[in-house]
Amino acid sequence: MSDPVVRPIAPKAHGDHPPFLYGDYRSTVLRAPQKDLVRIVQTLSETTGPGPAWSEVSAEDADLTTNAGTGGMALGPRIIVTGSVLDQNGEPVPGTLVEIWQANAAGRYAHWSDSESSAPLDPNFLGMGQTVTDAQGVYRFTTIRPGPYPWRNHPNAWRPSHIHFSLMGPALGSRLVTQMYFEGDPMLGLDPIFNAVPSHSRGRMIAAYDHDVTEENWATGHRWDIVIRGRMATPTDPEVG
Amino acid sequence: MASRGETPSQTVGPYFSIGLSGPDENVLVADEVQGERIRVRGRVLDGEGAPVGDALIEVWQANSLGRYRHPDDSRDDIALDEGFTGFGRAATIFETGQYLIDTIRPGPVPDPEGELQAPHLCLIVQARGLLNPLFTRLYFPDEAEANNHDLVLRMVPPERRSTLIASQEDGDPRVYRFDIRLSGEGEIVFFDV
């Protein structure tokens, strides 16, 4: 039996990510681990991951304005969100699953626990989408711009418009769940979830309006690249006989 | 190629099941899959021991022969199972924080030094209030000898290793209990992978 080559991925750039404990986001207080993470070597369990085997999607799910399957179209400003998935070396990551979920244009999620919301549901909008990046690492969704919505974190608290993104990537440690925000939103600076990210990297969560993506008489365009952990530039061969 | 900074992590929030959790994704096995059927169940708990009813647990594991369905696991002499990806998702129940995963006992996989690791499940835990994913492993209580030699477990301070070892439920040897205490007393070990 030959041992497989273990190709480590780049270590997580912890300084670019939020801490576990961020007091202004109250839900972190009882859920953040208090002990330090234990650093381990990457074994085959960590240098592999579910991404390559978990990439079956239907083409309909790249269009959230119609994938409820009702024959009707979701209400709200129609938008196209597209960009590249890249690794830390700037290399595109093809074939990776991208899953998204979001509130409707009124700021309500189609989820049972959002039932206190005074905003209406949209029968033509599920708020979920899936796609797989193409050979150039590009993803593309058509959806509607989600509304901001109130939450109970602090008095008069509102989440700015955002879309949740989940990526599998090539290895276990590539796993990324993040949120995409919109350029110019005045509510960003008031949001503790956005602000939990160090100031130097917050801008990486903001999609830019892109007139080249905008389609005439159809939808406005927004460009957002996503960077996940990929293989180290120079793989280290294990010393095995 | 220019180097690029990582996109920052954000919480999955309370509504992730809209996008991330389909029905039956906590069942990894189909009839034709080889291996010993096991059930893993437990609760996700916060720093006060209260149930976390909006957590997502993702599992990644080798098949019963110890091979991963992934291009980097190129050991063609070990068969893959049709219908077994090795990936699953379980959301906790809102009222109780309980989760349940039906799968097969994974075979051992090699470590970078060429030794075999103890059988284990890789788990990723996410929830509202977690701004980053938490990585951990579940080991089996009936593999004491293999656990003692496991490269990753040996990197864990000895007094905390037991937090990564499931317990056997009385009466049924194929059911393992694994509680995931996120914070405070009994906090389990999470890894920087």
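## A strand covered on both faces

In this predicted model, both faces of S5(B) are covered. A residue counts as buried if 20 or more other C-beta atoms lie within 10 Å of its own, as exposed if 12 or fewer do, and as partly exposed in between, with C-beta atoms placed from the backbone. In a regular strand the side chains alternate between the two faces of the sheet. Strand S5 of chain B spans residues 120-127, and eight of its eight residues are buried. Strands here are DSSP runs of E with at least two residues and helices are runs of H or I with at least four, both numbered from the N terminus.

## Neighbours of S5(B)

S5(B) is joined to strand S2 (residues 55-60) of chain B by six bridges, and the two run antiparallel. Strands are taken to pair if DSSP finds at least two bridges between them. Within this pairing, Glu58(B) has Ile124(B) as its bridge partner.

S5(B) also pairs with strand S6 (residues 134-139) of chain B, again over six bridges in the antiparallel sense. Here Val125(B) has Leu134(B) as its bridge partner. S5(B) and S6(B) form a hairpin with six residues between the strands, in which Gly129(B) takes a positive phi near 90°.

## Conventions

Residues are numbered from 1 along each chain as its sequence is written, while chains are lettered from A and ligands numbered from 1 in the order in which they are written. Since the model is predicted, local features need pLDDT of at least 70 and side-chain atom pairs count only at pLDDT 80 or more, whereas totals for chains, interfaces and linings use all residues.

## Chain B as a whole

Chain B contains two helices and 10 strands. Read from the N terminus, the order of its elements is α-β-β-β-β-β-β-α-β-β-β-β. Its radius of gyration is 17 Å, close to the 16 Å that the globule rule gives for 193 residues, so chain B is as compact as a globular protein of that length. That radius is taken over C-alpha atoms, and the globule rule is 2.2 Å times the number of residues to the power 0.38.

Along the principal axes, the C-alpha atoms of chain B fill a box of roughly 55 × 45 × 40 Å. Of the 193 residues, 49% count as buried. Among contacts in chain B with a separation of 6 or more, 72% are between residues 24 or more positions apart. Two residues are in contact if their C-beta atoms, placed from the backbone, lie within 7 Å.

## Chain A as a whole

Chain A has three helices and 12 strands. The radius of gyration of chain A is 19 Å, close to the 18 Å from the globule rule for 241 residues, so this chain is as compact as a globular protein of that length. Its C-alpha atoms fill a box of roughly 65 × 40 × 35 Å along the principal axes. Of the 241 residues of chain A, 44% count as buried, and residues 24 or more positions apart account for 72% of its contacts with a separation of 6 or more.

## The contact between the chains

The contact takes 75 residues from chain A and 67 residues from chain B. On the side of chain A, the elements giving two or more residues include strand S1 (38-39), helix H1 (44-47) and strand S9 (176-182). The residues on this side divide into 37 nonpolar, 24 polar and 14 charged. In this count Ala, Val, Leu, Ile, Met, Phe, Trp, Tyr, Cys and Pro are nonpolar, Asp, Glu, Lys and Arg are charged, and the others, Gly among them, are polar.

Strand pairing also crosses between the chains: two bridges join S1(A) to strand S10 (residues 191-192) of chain B, and these run parallel. Val38(A) stands opposite Phe191(B) in S10(B).

## Loop residues

Most residues other than glycine have a negative phi. Asn156(A) has a positive phi of about 55° although it is not a glycine. Asn156(A) sits in the loop between strand S6 (149-151) and strand S7 (157-159) of chain A, and is exposed, with 6 other C-beta atoms within 10 Å. Asn217(A) has a positive phi of about 60° and lies in the loop between strand S10 (206-209) and strand S11 (220-223) of chain A. Asn217(A) is exposed, with 4 other C-beta atoms within 10 Å.

In chain B, Glu143(B) lies in the loop between S6 and helix H2 (144-149). Glu143(B) is partly exposed, with 16 other C-beta atoms within 10 Å. Not counting residues up to four places away in sequence, Glu143(B) touches Ala118(B) and Pro119(B). The C-alpha atoms of Glu143(B) and Pro119(B) are separated by 7.8 Å, with the two residues 24 apart along the chain.
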